[in-house]
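Here are a few friendly notes to read alongside the structure.

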Amino acid sequence: MSIESHIAPEWALESLDGSEVPSLESFRGKFVLILIFSRGCPGCMGRAIPFSLELKKNYPELQTIAIHTRFEGPEYSNRQIEEVKLYFKLPYHLYKDRGKETYERYHAEGTPHWVLLDKEGRVIRSIWGSMANVQNRLQYAMAELFES
């Protein structure tokens, strides 16, 4: 089931440091890119996260949220997940999925999974993967949003 063109479901997130997790509603009026990833995913660590940094650099007004999920594989501690943020010097927030609730609510097909929201909180793209074709689709979507 595709969730594109529907209002994005509320996420089920935990902060890594005990701080408050923003609601999805708090991002209304802004374009949001959600990256659902796993520390144990080579495509996430080698391509998706570096690409998210490129997108954030090219579109600084884009609100980017990274969500570490565990739909399979080992359990990572909050400290291990936080190391991802530190290693890549992420200029955006990183949260932990509550189990795999957000992963399932967004109908992720694996990791990495990208979800692009318009200013009203509707899903306008939901794309799985990290290879060049996925990156191209995301770049085209950004161009449509920010250059029109």
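**Notes on the salt bridges**

1. Helices (H or I, at least four residues) and strands (E, at least two) are DSSP runs, numbered from the N terminus. This is a predicted model, in which local features need pLDDT of at least 70 and side-chain atom pairs count only at pLDDT 80 or more, while totals for chains, interfaces and linings use all residues. Residues are numbered from 1 along each chain as its sequence is written, and side-chain values use heavy atoms, with hydrogens and water left out.

2. Glu 83 and Arg 79 form a salt bridge, with 3.2 Å between the closest N and O atoms. The term stands for a side-chain nitrogen of Lys or Arg within 4 Å of a carboxyl oxygen of Asp or Glu. Arg 79 is exposed, at 59% relative accessible area, whereas Glu 83 is partly exposed, at 31%. Here buried means under 20% relative accessible area, exposed over 50%, and partly exposed in between (1.4 Å probe, protein chains only).

3. Glu 83 also forms a salt bridge with Arg 39, the closest N and O atoms again being 3.2 Å apart. This pair links distant parts of the chain, 44 residues apart: Arg 39 is in the loop between strand 2 (32-37) and helix 1 (42-58), and Glu 83 is in helix 2 (residues 78-88). Arg 39 is partly exposed, with 27% relative accessibility.

4. Another salt bridge joins Glu 104 to Lys 100, with the closest N and O atoms 3.5 Å apart. Shared partners join Arg 39, Arg 79 and Glu 83 into one network of salt bridges.

5. For the overall count, a search of the whole structure finds 11 salt bridges.
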